[in-house]
Amino acid sequence: GVMQDISGLPREGQQLINSYGDGGFRVSGVRYEGSVLIRPEKTSSWPVGDIAALELDSLSALLDEASGMDILLIGCGEAMVFIEEDIRAAFRAKGVVIDAMSTGAAVRTYNVLLLERRQVAAALIAV
């Protein structure tokens, strides 16, 4: 896998992404196989293996917790993909901006925003 060197430390109990690749992620020292949903306080497996299968329903767990979230990063896999307007609109209605990018870029951006104390969450397709 590709190891990302992380500088800085998150607040107590917050999830920092240590590395990604090999079909999964290491988040705060714990290995997750496959795709993940990451909020600052918890990480959960996410059964979306391909960005083409992304539907609003698959993000309902994040949408339900959208209060206190400003940004949702979507890691689309190897390359950025356009996120459907119904998904963007549902999150926008709760004050959350969706930013889509490759999974690698989303991992780096999530860590930077977390360390900047931003209210960020990420939905990351494994690569």
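Tutor: What follows is a set of questions on this predicted model, each answered from a value and, where needed, a cut-off.

Student: What makes up the chain, in terms of helices and strands?

Tutor: The chain holds three helices and nine strands. Read from the N terminus, their order is β-β-β-β-β-β-α-β-α-β-α-β.

Student: How many of the residues count as buried, and by what cut-off?

Tutor: Buried means under 20% relative accessible area. Of the 127 residues, 45% count as buried. The chain exposes about 6200 Å², with carbon and sulfur atoms supplying 51% of that area.

Student: What share of the contacts joins residues at least 24 apart in sequence?

Tutor: Among contacts between residues at least 6 apart in sequence, the share is 60%.

Student: What makes a set of residues a nonpolar core, and which members of the largest one touch the most others?

Tutor: The members must be buried nonpolar residues joined through side-chain atoms within 4.5 Å. The largest such core has 23 residues, and Leu59, Leu62, Leu72, Ile74, Ile83 and Phe91 touch the most other members. Two or more residues come from each of helix H1 (60–64), strand E7 (71–75), helix H2 (85–92), strand E8 (97–101) and strand E9 (120–124). H2 gives the most, with three residues.

Student: Which residues does leucine 72 contact, beyond its neighbours within four places in sequence?

Tutor: Contact requires heavy atoms within 4.5 Å. Leucine 72 is in contact with Leu62, Phe91, Val96, Val97, Ile98, Asp99, Ala121, Ala122 and Ala123.

Student: Why is glycine 95 called partly exposed, rather than buried or exposed?

Tutor: Under 20% would be buried and over 50% exposed. Glycine 95 has a relative accessible area of 47%, so it is partly exposed. Its place is in the loop between H2 and E8.

Student: What does glycine 95 contact, leaving aside neighbours within four places in sequence?

Tutor: Glycine 95 is in contact with Met69 and Asp70. From glycine 95 to isoleucine 71 the C-alpha to C-alpha distance is 8.6 Å, and the two are 24 residues apart in sequence.

Methods
Residues numbered from 1 in each chain as written. Predicted model: local features only at pLDDT ≥ 70, side-chain atom pairs only at ≥ 80, totals over all residues. Heavy atoms only, no water. Helix = DSSP H or I, 4+ residues; strand = E, 2+ residues; numbered from the N terminus. Buried < 20%, exposed > 50% of the residue type's maximum accessible area, 1.4 Å probe, protein only. Areas by Shrake-Rupley, 256 points an atom, 1.4 Å probe, with all protein chains shown as cover.
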